[in-house]
Amino acid sequence: GTANGIWKIDLPTKEVKSWKGNIAGSVGMAFGGDGTIYATTGSGGEKPNSLVALDPNTLAEKASFSAGAQEFSSSPVVFNHKGKTMIAATTSNGSIHVFDSESLNAPLASSSAVKDFAPTALASWQDLSGTRWILAPHNGALPTGFTSSGGTVTKGAILAWKLVEEN
């Protein structure tokens, strides 16, 4: 078989390049506006439990963040926020971590852990007022701290986090 990771094939030259890692999430990698490839990993592989930024031409690692013992559970989502490229991803303890692409040393923000919550994909959008939202699917009843104006939720929902700046 073929090792897990990201593979690049140059069709005219037949040159093959790869970066090996246990890719997390259900949608694979994400791309920044400059072509940078972002991937999250679970346990095992050469870079376990990490968010990595890869050069799109060489697949060389540009930067990374290790979540320690927490595996990443979602694929990363990349979005622009106030002129910066941001990346969000979840870890297996149910926390969402938000990073500035300029420095993956540490998250800019992390949510509290959400019990029994480890989505494999995230989405993001900016509303007309400029507010940035991060969305994730959740199965079952709403986790503690979330409310619904539409009655009791028992079979799942889309959870939303509002990205706000704090001084």
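Predicted model: local features only at pLDDT ≥ 70, side-chain atom pairs only at ≥ 80, totals over all residues.
**Exercise 1. Describe the surroundings of D100: its strand, its accessibility and its contacts.**

Step 1. Strand β9 spans residues 96-100, and D100 lies in this strand.

Step 2. Buried means under 20% relative accessible area. D100 has a relative accessibility of 10%, so D100 is buried.

Step 3. Leaving out residues up to four places away in sequence, D100 touches K84, T85, M86 and L108.

Step 4. With one of these residues, K84, there is also a polar contact: the side chains of D100 and K84 come to 3.4 Å. The cut-off for such a contact is 3.5 Å between N or O atoms.

**Exercise 2. State how many aromatic pairs there are, and work through the pair of F65 and F99.**

Step 1. The count is three aromatic pairs.

Step 2. F65 and F99 make up one of them, with 5.1 Å from centre to centre and 55° between the planes. Planes under 30 degrees apart are stacked, those over 60 are edge-to-face, and the rest are tilted. The pair of F65 and F99 is therefore tilted.

Step 3. F65 sits in strand β6 (residues 61-66) and F99 in strand β9, so the pair ties together parts that are 34 residues apart in sequence.

Step 4. F65 is buried at a relative accessible area of 14%. F99 is buried as well, with a relative accessibility of 0%.

**Exercise 3. Classify the pair of F146 and W161, and decide whether each residue is buried or partly exposed.**

Step 1. The ring centres of F146 and W161 are 5.3 Å apart, and the angle between the planes is 80°. Planes over 60 degrees apart count as edge-to-face, and the pair of F146 and W161 is of this kind.

Step 2. F146 is found in the loop between β12 (132-138) and β13 (157-163), while W161 is in strand β13; the pair therefore ties together parts 15 residues apart in sequence.

Step 3. The relative accessible area of F146 is 22%, so F146 is partly exposed. W161, at 17% relative accessibility, counts as buried.

Terms used: Residues numbered from 1 in each chain as written. Heavy atoms only, no water. Helix = DSSP H or I, 4+ residues; strand = E, 2+ residues; numbered from the N terminus. Buried < 20%, exposed > 50% of the residue type's maximum accessible area, 1.4 Å probe, protein only. Polar contact = N/O pair within 3.5 Å; in protein donor to acceptor, adjacent residues only side chain to side chain. Contact = heavy atoms within 4.5 Å. Phe/Tyr/Trp six-rings, centres within 6.5 Å; stacked < 30°, edge-to-face > 60°.
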